[in-house]
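You asked for a short note to read beside the coordinates. It is set out as numbered points, to be checked against the display.

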Amino acid sequence: MNQILDNPFPFSDTNKRYHTFSYAMKKQYGRKIAKIPLNAGFSCPNRDGTKGVGGCAFCSSAGSGDTILQSRQSLQTQYQANLKRARKKWPECLGIAYFQSFSNTYAPLETLKKIYIPFFASDEVCAISIATRTDCFCEETAAWLEEMQAKYHKEVWVEFGLQSIHPQTAKAMNFCHTPEDAKNAIALCQRHHLRSVLHLINGLPGETREMMLKTARFASSLQPGALKIHMLHLLDNSRLGQSWLNKPFSLLGAQEYVSIVCDQLEVIDEHIIIERVTGDGLASDLLAPLWTRKKTQTANDIDKELLRRNSWQGAKRPFPDPKFFSLAL
């Protein structure tokens with residue numbers, strides 16, 4: 001217990017009542033760690049017709065890499081430009097090479113080797129983080145990443161967009177992947193000693209608070225290394241954004257979002273790192289909700305709400321048996 005701050009949550013050295021990425025990385029590396037976003041030019045099976053076309057309805061044309069500096073330049077140029085930006089805020093930070101745009105395992109292994117080995121070998125990179133789809137991650141790739149992790153002594157994180165476990169949402173948002181895919185992808189990471197991350201989106205059209213809570217419970221039951229919690233962003237260069245412009249639908253307000261995130265944190269295993277509790281779209285493309293531009297305020301409001309409740313991450317565990325979470329919801 002952090003008695004000085006009167007904070008009952010054990011995985012914190014500040015007022016945060018959840019297991020922050022900053023806390024976990026400082027414990028592991030002894031200093032600030034920044035994820036340096038990169039666009040390696042991958043595509044996605046949900047865009048090229050293999051699984052679907054058009055991508056997920058909320059996804060931008062940049063495949064979530066809208067804020068990457070020098071995104072059309074070489075990977076090394078991108079890394080240096082984005083590391084420089086990070087060090088303006090945290091001068092002494094180390095960098096994780098974060099392959100963010102689209103599905104970064106969606107290629108033959110030989111192609112992946114050419115892209116990733118220079119970053120494994122770089123002294124300026126402390127770890128590798130790879131964003132991909134749950135249905136784009138196979139045994140061969142996982143085994144090779146485990147080998148590289150051991151050879152270069154650099155931890156590998158693999159990030160997957162779960163977003164929601166509800167089939168009606170998956171159909172409406174054109175996910176073209178399933179909760180079963182997520183279960184298999186996380187298990188594959190665990191077998192090969194890779195750290196996994198699941199992304200969740202709150203505020204997807206038609207979802208209730210209980211539906212969002214059920215997604216959080218399911219995600220926690222899989223025991224990933226970390227979770228990222230986002231608010232739905234409507235971007236001008238996305239199909240969902242254009243749909244909202246033509247026929248607006250209701251979105252979560254800031255306080256409702258804060259309340260839901262706190263509900264979710266209470267049912268998430270306290271050992272799971274929470275990489276983020278909100279996010280932001282590129283300001284020039286963001287249509288709504290505009291309150292998401294105030295990330296710091298949202299994070300502070302989550303801290304205040306947990307304090308008001310005298311609660312913390314995992315406060316309402318243990319869960320029912322994981323078998324409770326039927327994958328045929």
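Predicted model: local features only at pLDDT ≥ 70, side-chain atom pairs only at ≥ 80, totals over all residues.

1. Main core. The largest nonpolar core contains 80 residues. Those with the most contacts inside this core are Phe58, Phe99, Tyr116, Phe119, Phe137, Leu145 and Ile302. In soluble globular proteins, nonpolar side chains tend to be buried together.

2. Phe99 and its contacts. Once neighbours within four places in sequence are set aside, Phe99 touches Leu38, Ala40, Leu75, Asn104, Ile115, Tyr116, Phe119, Ile128, Ser129, Ile130 and Ala131. Two of these partners, Tyr116 and Phe119, are themselves listed with Phe99 among the residues with the most contacts inside the largest core.

3. Helix 1. This helix runs over residues 21–29, and its residues Phe21, Tyr23, Ala24 and Met25 are buried. After helix 1 comes Gly30, with a positive phi near 80 degrees.

4. Positive phi outside glycine. His153 has a positive phi of about 55 degrees and lies in the loop between helix 4 (139–152) and strand 4. Is His153 buried or exposed? His153 counts as exposed because its relative accessibility is 71%, and the cut-off for exposed is over 50%. Asn174 also has a positive phi, near 60 degrees; its place is the loop between helix 5 (167–173) and helix 6 (179–191).

5. Cis peptide. The bond joining Ala288 and Pro289 is cis, with omega about -10 degrees. Pro289 sits in the loop between strand 9 (286–288) and helix 10 (295–309).

6. Helix 7 against helix 9. Helix 7 (residues 209–221) packs with helix 9 (residues 254–266) at an angle of about 35 degrees, and their axes are 9 Å apart. The crossing is right-handed. From helix 7, Arg209, Met212, Leu213 and Ala216 meet Glu256, Ser259, Ile260, Asp263 and Gln264 of helix 9. Sorted by class, this contact has 4 nonpolar, 2 polar and 3 charged residues. An α-helix has 3.6 residues a turn, so residues three or four places apart point the same way.

Methods: Residues numbered from 1 in each chain as written. Heavy atoms only, no water. Core = buried A, V, L, I, M, F, W, Y, C linked by side-chain atoms within 4.5 Å. Buried < 20%, exposed > 50% of the residue type's maximum accessible area, 1.4 Å probe, protein only. Contact = heavy atoms within 4.5 Å. Helix = DSSP H or I, 4+ residues; strand = E, 2+ residues; numbered from the N terminus. Axes fitted to C-alpha atoms, helices over the stretch in contact; angles between N-to-C directions. Left-handed = near helix turned anticlockwise from the far one by under 90°. Nonpolar A, V, L, I, M, F, W, Y, C, P; charged D, E, K, R; others polar.
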